[in-house]
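Hi,

Here is the structure I promised to hand over. Have a look at it first, then read my notes below.

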Amino acid sequence: MNKWNALLLLAALASGLMLITVRNQTRDHFAQLNTAQQEMVNLQEEYEVLRIRQAELTNAIRIRALAQKQGLHPPTLANSRLIREHGNADTQ
């Protein structure tokens, strides 16, 4: 009976150590998950800010206003030229 008691004691100790190890790993994984989720939230917020900024920069009214402020204007036929490349298979 002594052998069985010693064997059961060792099994219980091993089981307890495994339980402690698994709980510690679970805590570590949970902390990593929380960090990753926070990073995801931060990246989503940054993405939204960038989308808003992109919408501002591509706003046609804003582009026209900035172009007028700098003295730029759309090209007209009078100040446009057509340049053709010689030897191009598409133009032959």
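(Helices here are DSSP runs of H or I with at least four residues, strands are runs of E with at least two, and both are numbered from the N terminus.) A31 counts as partly exposed because its relative accessibility is 41%. On that scale, buried means under 20% relative accessible area, exposed means over 50%, and partly exposed is in between, using a 1.4 Å probe and protein chains only.

Before you go further, keep in mind that this is a predicted model, where local features need pLDDT of at least 70, side-chain atom pairs count only at pLDDT 80 or more, and totals for chains, interfaces and linings use all residues. Residues are numbered from 1 along each chain as its sequence is written, and side-chain values use heavy atoms, with hydrogens and water left out.

Now the overall picture. The chain has two helices and zero strands. Its radius of gyration is 35 Å, well over the 12 Å that the globule rule gives for 92 residues, so the chain is more spread out than a compact globule. (The radius is taken over C-alpha atoms, and the rule is 2.2 Å times the number of residues to the power 0.38.) Along the principal axes, the C-alpha atoms fill a box of roughly 110 × 40 × 15 Å.

How much of the chain is buried? Of its 92 residues, 0% count as buried. The accessible surface comes to about 9300 Å², and 61% of that belongs to carbon and sulfur atoms. Those areas come from the Shrake-Rupley method with a 1.4 Å probe; for residues, only the protein chains shown count as cover.

You can follow helix 1 through a few distances. From A31 to R53 there are 22 residues in sequence and 33 Å in space, C-alpha to C-alpha. L9 is found in helix 1 too, and with a relative accessible area of 53% it is exposed. Between L9 and R53, 44 residues apart along the chain, the C-alpha atoms are separated by 66 Å.

What about charges? The chain carries 10 positive and 8 negative side chains, and the centres of the two sets lie 2 Å apart. Lys and Arg count as positive, Asp and Glu as negative, while His and the chain ends are not counted. Each charge is placed at NZ of Lys, CZ of Arg, CG of Asp or CD of Glu.

The whole structure has two salt bridges, meaning a side-chain nitrogen of Lys or Arg within 4 Å of a carboxyl oxygen of Asp or Glu. One joins E48 and R51, at 3.6 Å from N to O. These two are three residues apart in helix 1, so about one helical turn separates E48 and R51. E48 is partly exposed at 39%, and R51 is partly exposed at 45%.

The other links R53 with E56, whose closest N and O atoms are 3.3 Å apart. R53 and E56 are also three residues apart in helix 1, so they are separated by about one helical turn. Both are partly exposed, R53 at 41% and E56 at 38%.

Last stop, the start of the chain. M1 lies in the segment before helix 1 (2–57), and at 77% relative accessibility M1 counts as exposed. Together with W4 and L7, M1 forms a nonpolar patch on the surface, with about 430 Å² of accessible area. (Patches are made of residues with over 30% relative accessible area and no salt bridge: like charges are joined within 9 Å, and nonpolar side chains, namely Val, Leu, Ile, Met, Phe, Trp and Tyr, within 5 Å.)

Cheers
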